[in-house]
Amino acid sequence: MKMVFRWWPNGDDTVTLSQIRQIPGVSGVATMFADIPAGEVWPKETILALRDEVHEAGLQMEVIESVNIHEDIKKGLPTRDAYIANYITTMKNLSEAGVKCICYNFMPVMDWFRSNLETPLSDGSFAMGYEHAKAAGLTLPKMIAAMMDGSHDLTLPGWEPERFPAMAKDIEFYQNVSAEEYFKNISYFLSAVMPYAEEYDLDFGVHPDDPPWPLFGLPKVIGNAESIRTFLSLHDSKRNGLTLCTGSLGANPENDVPAMAREFASMGRVPFVHLRNVKHTSERDFHESAHLSSDGDLDMYAIVAALHDSGFDGYIRPDHGRRIWDEVSRPGYGLYDRALGAAYIQGLWEAVEKSSK
Ligand code: CS2
Ligand code: MN
């Protein structure tokens, strides 16, 4: 297991590489160029310069999160082939810079969504939350405004401003796209890209839908064990894997996350894990919590044990943290609570490992 920490380059982060270097056990970053629009090639020199910067800080750059997929690929438009060709060039450039794992998602139009970026918790901290009735009643401008107001002028992953002008039309486009059709578009992408994942020695981990149910009439198709099995069977290779995001999957109380960890990791199909916890206030309402099992609804010990016992040897990162100690940061991505999460997860891992001997 290798512990990594999400970080944005070029001043688009409140957390520094030297701070990350000082978190015990963290060996590298999961990073991306948020300013390169989806569909464009990531130039090799730009990637190499970033890798050198990361290496100089004493860290690795083996995980990229995310190389975003152009909307035309998700929509299955004829223009998709040119964007897929660019994606493959980016894969080659990343591989030549030593990258081993690419996390991406196939969520239409937008990535994750929360109705509240700052839900106050009883201990005085703040966490991101989701109220289904509130979310479902939002108009698009209100939704964008809510996300941007809480962003502290940092790019939110999946909410890069380049997406905004087309969002309304894109949402309309998907109203008549069924899950079956959407899976066909995913399959087309995988057939084109996976041979190159082999060639360039890259493991792919698709991120599940967050929240894992349909919203705003958009097809959401990767959110439970059955749909993940379908996804993995579209291209049956170890390169075609899952980013096991426990908080995203755990948002649906019907998902048995330790069982999913066991099933997919023992198939060798989990290159990357996002570990975080969520606390439900009703079946569809939740807020994020500290990483500890006792603070949320997920049994983090059982998840770590399932990964360990299944021979998991990929990358793990703490996912969204709470806002604690008055930190100002990108929502979910401050230093303090994620660092506590990283230490806690490694404590679980060490305990599971030693007690299994
Ligand atoms: C992340 C996602 O912040 C988050 O919720 O887990 O944005 C994730 O980076 C993407 O979905 C992966 O493509
Ligand atoms: Mn995640």
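**View 1. D309 in helix α12.** D309 lies in helix α12, residues 300–309 (helices are DSSP runs of H or I with at least four residues, strands are runs of E with at least two, and both are numbered from the N terminus). This is a predicted model, in which local features need pLDDT of at least 70 and side-chain atom pairs count only at pLDDT 80 or more, while totals for chains, interfaces and linings use all residues. Residues are numbered from 1 along each chain as its sequence is written, and chains are lettered from A and ligands numbered from 1 in the order in which they are written. D309 counts as partly exposed because 14 other C-beta atoms lie within 10 Å (buried means 20 or more other C-beta atoms within 10 Å of the residue's own, exposed 12 or fewer, partly exposed in between, with C-beta atoms placed from the backbone). From D309 to H132 the distance is 35 Å, C-alpha to C-alpha, and 177 residues in sequence.

**View 2. The barrel.** In the order β1-β2-β3-β4-β7-β8-β9-β12, 8 strands close into a barrel with parallel pairing (two strands pair if DSSP finds at least two bridges between them). Direction ignored, neighbouring strands of this sheet are turned by 30° against each other on average (axes are lines fitted to C-alpha atoms, and angles run from 0 to 180 degrees between N-to-C directions).

**View 3. Strand β9 and its two partners.** Strand β9 spans residues 272–275, with F272 and H274 buried on one side and V273 and L275 buried on the other. In a regular strand the side chains alternate between the two faces of the sheet. Strand β8 (residues 240–245) runs parallel to β9 and is joined to β9 by 3 bridges; L244 stands opposite V273. Strand β12 (residues 315–318), also parallel to β9, is joined by 4 bridges. Here F272 faces Y315, and V273 faces I316.

**View 4. The open sheet.** The order of this 4-stranded sheet is β5-β6-β11-β10, and its pairing is antiparallel. β5 (116–120) and β10 (277–280) are at the edges with a single partner strand each, so one side of each has no neighbour in the sheet. Strands β6 (residues 126–130) and β11 (residues 286–289) pair over 2 bridges, and Y130 has F286 as its bridge partner.

**View 5. The shell around ligand 1.** Ligand 1 is surrounded by 15 residues, the closest being S66, N105, W112, P157 and H207 (a residue is near the ligand if its C-beta atom, placed from the backbone, lies within 6 Å of it). Strand β4 (residues 101–105) gives the largest share of the shell, 3 residues.
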